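Thanks for coming. I will go through one model today, starting with a sheet and then moving to the ligand and a few backbone details.

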Amino acid sequence: MSIDQQLKPLREKIDAVDAQILALLNSRAELAQQVGHLKANTNAPVFRPEREAQVLRGVAERNPGPLPSLDIQLIFREIMSACRALERRVTVAYLGPAGTFSEQAVFQQFGHAIVLLPCISIDEVFRTTEAGTADFGVVPVENSSEGAVNRTLDLLLQTSLSISGELSIPVQHSLMTNSGDFAGVTKICAHSQALAQCQAWLNQHYPTIERIAVASNGEAARMASLDPTVAAIAGETAGAQYELQVVHAHIQDDPHNRTRFAVIGNTQCTPSGKDQTSIVLAVPNKAGAVYSLLAPFSQFGVSMTRFESRPARTGTWEYYFYVDVEGHQQDDSVARSLNELKNSAAFFKILGSYPLSN
Ligand SMILES: O=C(O)C(=O)C[C@]1(C(=O)O)C=C[C@@H](O)C=C1
């Protein structure tokens, strides 16, 4: 029997299963439409991060295989994205242009059935979201090899928006040119963070070529597509967007390099069962103040998962502290510790409680 003859009955079974999947997908979509009508009548938000997190955790927990849970979650992320788009297509602002790691983070959080709003800077992402032109913004917060993204931390301090999600993605940089050839290249362009993340590799391989920091890796890729003297450092998605060829793949100094992103918007998430709360604090400038400030966390058994400081730029050695704790601000222990902190801090702001990424 030929291979095609052997495949025929299996393919017929796949067709039958596909017909069932199709019918079930549309049943789900009809339910989402009903949810959408209810929400429209009550002006409730379309995107509910805590509900989406629960759906994704639920399918991973119930997954019997053989499909890996991560792949199941990718599929369900897109199913929910498409269902959500039937209610309303949300607009998401991010540091563009197309093809940046920020764009990958947007798709990882919202799926593909959205309106993308690429912005020229992190400031612009905040402005556009505050103005309501975008429903949400996605901004980089921290890189595993370079540390905090200071501009984001500074803007989080001032913004009226809150954090409604967080996620991290692997960041792999490649050196690319229009032709795939390095001869004739006189400048290597990338975002300053990417240049820093590839510093040791560049010092070893191209110590004398000028490095130029530009607004984003996507912008570097665009420049390289137009100018044969420019090589870009960017992710391969950005390279493909501008039809660049890879000269050296994965040149970042840390092979496990990751960037963490925050989702900002006007949504206040309700508890999802596995949440995190971000706050900013300042303490009076006296001995032992930081130590006693954090005491309520241990008193109420709340785990701190992140502690970052930024100079307050008052010229007096004062700092803002960015703290993440496990749990939701509505959880009893978190609520009680935050209440104590609020009374003793010189500055106190809750940036948001949101589901931990899956
Ligand atoms: O449960 C809701 O609130 C829905 O709108 C449905 C749904 C889904 O497709 O499951 C879609 C969008 C929301 O962000 C959450 C979940």
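**The sheet, the ligand shell and the backbone**

I begin with an open sheet of 4 strands in the order E13-E14-E12-E15, paired antiparallel. Strands here are DSSP runs of at least two residues (E), helices are runs of at least four (H or I), and both are numbered from the N terminus; two strands pair if DSSP finds at least two bridges between them. Strand E13 (304-311) and strand E15 (347-355) are at the edges with a single partner strand each, so one side of each has no neighbour in the sheet. On average, neighbouring strands of this sheet are turned by 15 degrees against each other, direction ignored. Axes are lines fitted to C-alpha atoms, for helices over the stretch in contact, and angles run from 0 to 180 degrees between N-to-C directions.

This is a predicted model: local features need pLDDT of at least 70, side-chain atom pairs count only at pLDDT 80 or more, and totals for chains, interfaces and linings use all residues. Residues are numbered from 1 along each chain as its sequence is written.

Back to the sheet. E13 pairs with strand E14 (residues 319-326) in the antiparallel sense, over 7 bridges. Helix H6 (residues 150-158) lies across strand E12 (275-282), E13, E14 and E15, at about 90 degrees to E13; contact means C-beta atoms, placed from the backbone, within 7 Å.

Now the ligand. Which residues surround the ligand? They are Ala32, Val35, Phe47, Arg48, Arg51, Glu52, Val55, Met80, Cys83, Arg84 and Glu87, where near means a C-beta atom, placed from the backbone, within 6 Å. Helix H1 (3-42), helix H2 (49-62) and helix H3 (69-87) are the elements giving two or more residues to that shell. H3 gives the largest share, 4 residues. By class, the shell has 6 nonpolar, no polar and 5 charged residues; Ala, Val, Leu, Ile, Met, Phe, Trp, Tyr, Cys and Pro count as nonpolar, Asp, Glu, Lys and Arg as charged, and the others, Gly among them, as polar.

Last, the backbone. Most residues other than glycine have a negative phi, and most peptide bonds are trans. Asn43, in the loop between H1 and H2, has a positive phi of about 60 degrees and is not a glycine. The peptide bond from Gly65 to Pro66 is cis, with omega near 10 degrees, and Pro66 is in the loop between H2 and H3. Gly96 and Pro97 are also joined by a cis peptide bond, with omega about 0 degrees.

Terms used
Two residues are in contact if their C-beta atoms, placed from the backbone, lie within 7 Å.
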